[in-house]
Structure formats: C-alpha cells, structure tokens
Amino acid sequence: MIDLRQLATDRILVSPSVLSADFGRLSEEIDRVEAAGADVIHLDVMDGHFVPNLTFGSPVIKSLRKKSQMLFDTHLMISEPARYAQAFASAGCDHLTFHLECSERPTGEIIDAIRQTGCTVGISLKPATPPEAIFPWLDRIDLILIMTVEPGFGGQSFMTDQMGKCATIKREILRRKLHVQLEADGGIDAQTIGTVAAHGANMIVSGTGVFGYPEGVKAAIAKLHDATKLLDSAL
Ligand code: DX5
Ligand code: ZN
C-alpha cells in the first residue's frame, strides 16, 4: 500500500471525489477511476453537524477497503475528528484530513490523536479561514487541503478568490523546504485546473469534474494531470 509521504509534490496528483459517483456501485466506481489513472481516492465524510449534509462513515469505508488497494484520502467534515480517528484508521483509511475550524479540542491534540492511529495527517481550511492560520502546524502535517467551495456539497462553483491563499501557503511550504501535499477541493475541472496548479496546489480533488466529464473519466483525469506543466507558475 502506498504511503502519502512517498507521493511526489512536484506534479499533479488526481484524487477523484466519490461524492459524484454512483453510491450504489461505489467499489466499481473506485476501480473505474483507478483504471483511468487516478492517483488516490477522495472520500468525503460528512456528519450533518459540521456541514449541513450527511454521507457515509467508517462501515462503508471498511467495505470499500476489502475491494480496493488505493490510498484512501479521507476528508473528515465532522465536528469530532479525534473521537472517530481510530475507527476510520481501523476501517482502512490511510490518510485523515480534519478541519481546522472543527474546534473539538486543541489542534495539536487532534494531530497527535490521528498520528497515533498510523494514518498520515491533513488539515483543511474553509474559504473564510486565512492562510496564516495553518502556519503553526505546517511542520507537523503531511497535507493541507484548501477548500475552493464551502464544504458540504459537490457540484458547486469554484471560488477564484481562494487562489491568493493557495499561493501564500505554497510559498511558505517551499520556503521551509517541506514535503507537504497542497490539495485543493471544490469546483475543479478541466476549465479551472489551470489557475489551481499555477497557484501551487498539486493534489487535485475533483468530483463532478471527473465523474461528470462528458468525454469520460479517463479524459478528465488526463486533462487534470496535464496541468503539471503550469504548477507554481503564478507564485
Ligand atoms: C465538498 C467536498 C468535495 C466535493 C467536490 O464539500 O469536500 O470533495 O465532493 O466535488 P466537486 O468537484 O463536484 O466540487
Ligand atoms: Zn472533499
């Protein structure tokens, strides 16, 4: 199984979000995007409290793990990530990203709780959270997830105003010479990928942009990968 820390940070990695997949055939959908070139798979966990929507929890992920070897890039949009970290790790998640805004307990304790499960650790920022809020934690995590929509739903419009934040965080990662994935999530497709890559995000979540691409998932993923040539060009 791949470890997130072994993945390159200098090329585009594609993480299709299963939120836009057929939930009745989830494991087949994961196999389909893997065969089409996806690097990891994005699992959006929502609790109806931190965000106004519900998706799935660790039992579903446990079933998917039996069918797939892909790296499960798990995005916890839940109020109490530390409380459930062990359950998600035991279900087969490799990586857990929690929200800086969840305020369950001090951020350092949540990082430690996830680390203890053996999963790699990510922190996500909602659109209103400033880039500097992540700076104290940059050296202790493996991934930063910048939301380019308000978390909760797939198929929303990309927020261009998050690109300055993306560039600020990427510059800080480069300045400190850290091997950290900079991931962006929300409204990213063949049209918006260019600006995302140019502003420094190299791990790309895409739900509608992959599963709903008219020319098929393989063409969608290839288009996203193609933006490696633009990576960091607007920094
Ligand atoms: C939104 C989720 C996203 C969502 C992305 O809260 O975190 O991962 O599935 O979907 P698209 O790519 O359709 O915006
Ligand atoms: Zn997500």
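Helix α2 passes helix α3 in a right-handed crossing, a crossing being right-handed if the near helix is turned clockwise from the far one by less than a right angle, and left-handed if anticlockwise. This is a predicted model, in which local features need pLDDT of at least 70 and side-chain atom pairs count only at pLDDT 80 or more, while totals for chains, interfaces and linings use all residues. Residues are numbered from 1 along each chain as its sequence is written, and side-chain values use heavy atoms, with hydrogens and water left out.

The helices named here are DSSP runs (H or I, at least four residues), numbered from the N terminus. The axes of α2 and α3 lie 8 Å apart and pack at an angle of about 20°, where axes are lines fitted to C-alpha atoms over the stretch in contact and angles run from 0 to 180 degrees between N-to-C directions. The two helices are therefore roughly parallel to each other, a term for angles under 35 degrees, whereas those over 145 count as roughly antiparallel, 65 to 115 as roughly perpendicular and the rest as oblique. Ser58, Ile61, Lys62 and Arg65 of α2 meet Ala87, Phe88 and Ala91 of α3, contact meaning heavy atoms within 4.5 Å. These residues divide into four nonpolar, one polar and two charged; Ala, Val, Leu, Ile, Met, Phe, Trp, Tyr, Cys and Pro count as nonpolar, Asp, Glu, Lys and Arg as charged, and the others, Gly among them, as polar.

Arg65, one of the α2 residues in that contact, also lies over the face of Phe72, at 3.7 Å from the ring centre. Such a placement requires NZ of Lys or CZ of Arg within 6 Å of the ring centre and within 35 degrees of the ring normal. Elsewhere, Lys126 lies over the face of Phe50, at 5.1 Å from the ring centre.

On to the next pair: helix α1 (residues 26-35) and helix α2 (residues 58-67) have axes that come within 10 Å and cross at roughly 50°, which makes α1 oblique to α2. Leu26, Ser27, Ile30 and Asp31 of α1 make the contact with Val60, Leu64 and Lys67 of α2.

Finally, helix α3 (residues 81-91) and helix α4 (residues 107-116) pack at about 10° with their axes 9 Å apart, so α3 is roughly parallel to α4. Their contact, made by Pro81, Ala82 and Ala85 of α3 and Ile110, Ala113 and Ile114 of α4, has six nonpolar, no polar and no charged residues.

Note on methods. Chains lettered and ligands numbered in written order.
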